[in-house]
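This briefing goes through selected features of the structure shown here, grouped by topic. Please keep the sequence and the model open while reading.

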Amino acid sequence: MPGVTARILVADDDPKHAQLIRLYLEREGHQVMTVGDGRAALDQARARRPDLIILDIMMPLVDGLDVCRILRAESNVAILLVTARSSENDMLLGLDIGADDYLSKPVSPRELTARVRALLRRIGATEDPSTVLRVGELEVDAGRFEVRVGGTPVGLTAKEFGILELLAREPGRVFTRGQIIDKTFGFEQDVSERTVDAHVVNLRRKIETDPAEPRYVQTVYGRGYRMAET
């Protein structure tokens, strides 16, 4: 699939193995993020919305099977499990809980890239999966982790960006504060609805001409927040 690129999240607690996979995939032209534990995998999957996730099964904090189970309940993201365990039962369990494919370690570079290509064909990845989300003069580029207003770059924190991208993907849809916490903050502890409000206040200061009369991130009283539709 020449020219096809995708955002890929690699979750593996072995840094050398993760970087090796990253190298293979970047040579194919993909944008690759790496994390070292299951909790970080969940957080990044929710915040960055990758096209494909490569999960090691044996990871700290939350193992790969549980990450797969949780993400499959939330989305249809393509999931490729990679593990040192190679029994048929492990393979069947991974597929039963929602994985799209399965590879055993040690991973062959040619087989890995071939499986990735096949999965991307299956999910219909395009030449630019990181579509820039636009609402009026606001542009949210998820692939580059960039935000622009009227063409001017705006620096956001990871949480501010996660909230903005979540809202911008579905303009007009109201997200409750609880939904924003679940989709943006993942397994972080002690996150309250007031924390969401504080991030929204800071976000508005950066992207709104008049934060007191927001054009983009709007409050729906008694419910939550939404992105303006135009």
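A residue is called buried when its relative accessible area is under 20%, exposed when it is over 50%, and partly exposed in between, using a 1.4 Å probe and protein chains only. Helices (H or I, at least four residues) and strands (E, at least two) are DSSP runs, numbered from the N terminus. This is a predicted model, in which local features need pLDDT of at least 70 and side-chain atom pairs count only at pLDDT 80 or more, while totals for chains, interfaces and linings use all residues. Residues are numbered from 1 along each chain as its sequence is written, and side-chain values use heavy atoms, with hydrogens and water left out.

**Helix α2**
- Eight of the 11 residues of α2 are buried, so by the cut-off above this helix is mostly covered.
- The buried residues of α2 include Gly38, Ala41, Leu42 and Asp43, and also Ala45, Arg46, Ala47 and Arg48.
- At the N-terminal end, Asp37 caps α2 through a side-chain oxygen that lies 3.0 Å from the backbone nitrogen of Arg39.
- Following α2 comes Arg49, which has a positive phi near 50 degrees.

**Largest pocket**
- A pocket is an open set of points on a 1 Å grid over the protein atoms alone, where a 1.4 Å probe fits and protein lies on both sides within 12 Å along at least five of seven lines; lining residues have an atom within 4 Å of a point.
- Of the 18 residues that line the largest pocket, Ala45, Arg49, Glu74, Ser75 and Asn76 lie nearest its centre.
- Both α2 (38-48) and α3 (64-74) supply at least two residues each to this lining.

**Nonpolar cores**
- A nonpolar core is a set of buried Ala, Val, Leu, Ile, Met, Phe, Trp, Tyr and Cys residues joined through side-chain atoms within 4.5 Å.
- The largest such core has 26 residues, and those touching the most other members are Leu138, Val140, Val147, Leu164, Ile207, Val217 and Met227.
- Helix α6 gives the most to this core, with six residues.
- Another core, of 22 residues, lies apart from it and has Ala41, Leu55, Ile57 and Val67 among its members.

**Leu112**
- Leu112 sits in helix α5 (residues 109-123) and counts as buried because its relative accessibility is 0%.
- Leaving aside neighbours within four places in sequence, Leu112 is in contact (heavy atoms within 4.5 Å) with Ile21, Tyr24, Ile54, Leu80, Leu103 and Val107.
- Leu80 is 32 residues from Leu112 in sequence, with 9.6 Å between their C-alpha atoms.

Key. Polar contact = N/O pair within 3.5 Å; in protein donor to acceptor, adjacent residues only side chain to side chain.
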